[in-house]
Amino acid sequence: MIKVQNLTKKYGNIVAIDNISFQVNKGEILGFLGPNGAGKTTTMRMITGYMPASEGRVEVSGFDIADDPIAAKNEIGYLPENPPLYDDMKVTDFLDFVAGIKGVQEGRAAKIEDSMNKCGISDVKGRLIGNLSKGYRQRIGIAQAILNDPSVLVLDEPTIGLDPKQIIEIRELIKQLGSERTIILSTHILPEVMMTCSKVVIINKGRIVLETTLGELNEKLDGDNEIHLKLEKYSSDIKAKLSALQSVQNVNDLGSGEFIIKSRQRNNIGDEIARVVIDNNWGLKELRPKLNTLEDVFLNVISSELKQ
Amino acid sequence: MSYFVSPIAYIVLLVFTVLSGVFFFIYLEGFAQVQFDTRAQLFQQSFSLTEFVLQPYFGTISVLLLLIIPMITMRLLSEEKKQHTSELLFTSPITVINIVLGKYLASLALFILMLLFSSIFVIVLYLKGNPDPGVILSGFMGLFLIGASFLAVGLFASSLSQNQIVSAVISFGLLLLFWIIGASSDAETSVVGYLSIINHLDNFIKGVVEVKDLVYYISFIFIGLFLTHIVLDSQRWR
């Protein structure tokens, strides 16, 4: 469980993180989104105790990271933005070292073996880290994070640098781990959030601009519906007739028989539009709902901040 | 778990490069000393191995340590920040004390290994000739202490900068400062003389183990490590 309360970070007069609060419970996977420079990494560094907060507090599994750092850090597995690897160590030596500093005593070899298998790095276990590709380095970073079987995982861009197959594997791994643990991960890959996370927080310029569960998010995405309409015939009164419909908010005439119709309410008005088109014999060529993606929500939320 | 050891790989690499340099110098130096001795024999009625070989040798080693130790220690903490591994160290359930001690003891282990290698020559000398064994023991004790002090300074310097060269320069500067501070005075007679790190070695080389010298070195080490701890800890409050 991660509890962030009124967390603030100031560098002199510059406020990098402005009074943010959120919570992630056991069994939840939080997707932490935001444009570059929004404060995702800074927040994660404060959660893991690498950086001190200017104000506010962070509680991890019931331990305050500032008052009880050792107890809190025992519960955390952290993958920073740049995987913390010693280039001149072999993979197994490095993981052994990490096991040591994380206090993994019994069954160390087994745990190391297990982490390597889970991350798919067993085949390079005897090699020097400095010689490995980015994908392997990234996965070693994940392996060290899960090594001590922590109850809380903080992952900063976990799938970056991985090829599509590896990405799927790591996402699966995260989902598996998430069922028993608390996970917060940051990413730029929006579909990834939809696939793995149960909660979403979007941060911009140090402030939280959106906090929602996946369920609420899906509703929101399904809601603002647009219908993309293509007709054979074209006449100037079609737009007027469509706009006149009760459930239509506005009609955008793109020319050459193409229209984008925005619906007033939350449900799909495709049926209604189709009926009108057929009744009027306008020649239906294409009727397609234009669904909002998370990208649209993201950009919307970010740009509304810019306007303020 | 009281401490952790720095990356083994780089220690091993360092051992070989550093030792070969030290050993080479020692061998040459020692050999030159012995050459000098045989010629001196013609001019003197009696001479002692102890005076003509061991003691200058110990003195020379301490100078070598002054030069080499900053190079060993410069990596200790500077690299961590650069390689982002400090992010791992400071988010793991280990205290800053663990980190400081761990780094220090690792470098100490390397240093002891260096001393052992350099002692081979002395042991051979002991077997072949008859230098004063007391001097041998106290001499190495003194070298150990002065080296350990150098390491503490080096570690502190390393905590101050991300850049290895800067760390090396700072530690070298500090060590020189403590070396020449009492150049004209004696540890016995003045405060300034007491502060000089090299003056205390003299007694050990002579075969005398005095409490005040021990106290000096131990305090020195302690202060060096303490300062390192403060520097690292202060990063928590930035």
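Is Asn281(A) buried or exposed, and how many other C-beta atoms lie within 10 Å?

Modeller: Asn281(A) is exposed, because there are 9 other C-beta atoms within 10 Å. The cut-offs are these: 20 or more such neighbours make a residue buried, 12 or fewer make it exposed, and anything in between is partly exposed, with C-beta atoms placed from the backbone. Bear in mind that this is a predicted model, in which local features need pLDDT of at least 70, side-chain atom pairs count only at pLDDT 80 or more, and totals for chains, interfaces and linings use all residues. Residues count from 1 along each chain as its sequence is written, while chains are lettered from A and ligands numbered from 1 in the order written.

Asn281(A) sits in the loop between helix H10 (270-279) and strand E14 (284-290) of chain A. Both are DSSP runs numbered from the N terminus: helices are H or I with at least four residues, strands are E with at least two. Asn281(A) has a positive phi of about 60°, although it is not a glycine. Most residues other than glycine have a negative phi.

Asn19(A) belongs to strand E2 (residues 14-24) of chain A. It is partly exposed, since 14 other C-beta atoms lie within 10 Å.

Ser61(A) has a positive phi as well, of about 50°, in the turn of a hairpin. That hairpin is made by E4(A) and E5(A), with two residues between them. Strand E4 (residues 55-60) and strand E5 (residues 63-64) of chain A run antiparallel and share two bridges; strands count as paired when DSSP finds at least two bridges between them. Val60(A) faces Phe63(A) across this pair. On another pairing, E4(A) joins strand E1 (residues 2-11) of chain A through five bridges, again antiparallel. There, Thr8(A) has Glu55(A) as its bridge partner.

Next, the six-stranded sheet of chain A. It is open and mixed, in the order E6-E7-E8-E3-E9-E10. Strand E6 (76-79) and strand E10 (207-213) are the edges; each has a single partner strand, so one side of each lacks a neighbour in the sheet. From one strand to the next, the twist averages 15°. Angles run from 0 to 180 degrees between N-to-C directions, with axes fitted to C-alpha atoms, for helices over the stretch in contact. Strand E9 (residues 199-204) and E10(A) are antiparallel, with six bridges. Val200(A) is opposite Thr212(A) in that pair.

Helix H1 (residues 40-47) of chain A touches strand E3 (29-33), strand E7 (152-156), strand E8 (182-186) and E9. Its direction makes about 150° with that of E7(A). Helix H5 (residues 134-146) of chain A lies across E6 and E7, at about 170° to E6(A).

The largest nonpolar core has 113 residues, and Ala143(A), Val154(A), Ile183(A) and Ala152(B) touch the most other members. A core here is a set of buried Ala, Val, Leu, Ile, Met, Phe, Trp, Tyr and Cys residues joined through C-beta atoms within 7 Å. Its largest share, twelve residues, comes from helix H5 (residues 133-160) of chain B. Beyond four places in sequence, Ala143(A) contacts Leu95(A), Ser115(A), Met116(A), Cys119(A) and Ile121(A); contact means C-beta atoms, placed from the backbone, within 7 Å. Another core of ten residues lies apart, including Ile227(A) and Leu242(A).

Chain B has nine helices and zero strands. Of its 238 residues, 38% are buried. H5(B) is mostly covered, with 20 of its 28 residues buried. Helix H4 (residues 96-128) of chain B has 33 residues and should span 48 Å; its ends are 48 Å apart. H4(B) has a kink of about 30° centred on Ile120(B), taken as the angle between axes fitted to the seven residues ending there and the seven starting there.

Key
Two residues are in contact if their C-beta atoms, placed from the backbone, lie within 7 Å. The expected span of a helix is 1.5 Å times one less than its number of residues.
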